[in-house]
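Please report on the fold shown here. Cover the overall shape, the strands, and a handful of individual residues.

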Amino acid sequence: MEDLVKVIARSLVDNPDAVEVESRIEGDTTVVQLKVAPEDMGKVIGKQGRIAKAVRIVVKSAAAKSNQKVAVEITQ
């Protein structure tokens with residue numbers, strides 16, 4: 001899932017080299033943490049959170065194929 005999040009985020013931002021993706025396990029859920037440059041936060045979140053919501057939906061759909069639970073966190 002990390003690779004999927006990284007590909008999506010790099011296509012959205014102006015500074016793709018600043019994109020970092022890490023994952024950790026919390027219970028039965030894998031949490032994927034996306035870090036971007038502060039000036040790119042608006043591009044990743046989008047108006048009213050629409051882009052962030054779309055990224056989360058794509059990742060959850062991909063994870064559902066392999067019966068996994070995945071959450072995406074977006075930070076600076």
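In which loop does Asn67 lie? Asn67 lies in the loop between H3 and S3. Helices and strands here are DSSP runs, numbered from the N terminus (helices are H or I with at least four residues, strands are E with at least two).

This is a predicted model, in which local features need pLDDT of at least 70, side-chain atom pairs count only at pLDDT 80 or more, and totals for chains, interfaces and linings use all residues. Residues are numbered from 1 along each chain as its sequence is written, and side-chain values use heavy atoms, with hydrogens and water left out.

**Overall layout**

The chain has three helices and three strands. Along the sequence they follow the pattern α-β-β-α-α-β. The C-alpha atoms fill a box of roughly 35 × 20 × 20 Å along the principal axes.

Of the 76 residues, 29% count as buried. Buried means under 20% relative accessible area, exposed means over 50%, and partly exposed lies in between (1.4 Å probe, protein chains only). The accessible surface comes to about 4800 Å², and 50% of it belongs to carbon and sulfur atoms. These areas come from the Shrake-Rupley method with a 1.4 Å probe; for residues, only the protein chains shown count as cover.

Contacts require heavy atoms within 4.5 Å. Among contacts between residues at least 6 apart in sequence, 52% join residues at least 24 apart.

The chain carries 12 positive and 11 negative charges, and their mean positions are 9 Å apart. Lys and Arg count as positive and Asp and Glu as negative, while His and the chain ends are not counted. Each charge is placed at NZ of Lys, CZ of Arg, CG of Asp or CD of Glu.

**The strands**

Two strands pair if DSSP finds at least two bridges between them. Strand S1 (residues 20-26) pairs with strand S2 (residues 29-35) in the antiparallel sense, over seven bridges. Within this pairing, Ser23 stands opposite Val32 in S2. The hairpin of S1 and S2 has two residues between the strands, and Gly27 takes a positive phi near 70° there. S2 also runs parallel to strand S3 (residues 69-75), joined to S3 by seven bridges.

Gln33 sits in strand S2. Its bridge partner in S3 is Glu73. Beyond residues up to four places away in sequence, Gln33 touches Glu20, Val21, Glu22, Arg24, Glu73 and Thr75.

Val21 belongs to strand S1. Leaving aside neighbours within four places in sequence, the contacts of Val21 are Glu2, Val5, Lys6, Val32, Gln33 and Leu34. Val21 and Ala9 are twelve residues apart in sequence, with 9.4 Å between their C-alpha atoms.

Met41 is in helix H2. Not counting residues up to four places away in sequence, Met41 touches Val36, Ile74, Thr75 and Gln76.

Gln48 is found in the loop between helix H2 (41-45) and helix H3 (50-65). Its phi is near 55°, a positive value in a residue other than glycine. Asn67 likewise has a positive phi, of about 55°, although it is not a glycine.

**Accessibility of the residues discussed**

| Residue | Relative accessible area | Class |
|---|---|---|
| Gln33 | 17% | buried |
| Val21 | 10% | buried |
| Met41 | 12% | buried |
| Gln48 | 75% | exposed |
| Asn67 | 74% | exposed |

Why does Met41 count as buried? Met41 counts as buried because its relative accessibility is 12%.
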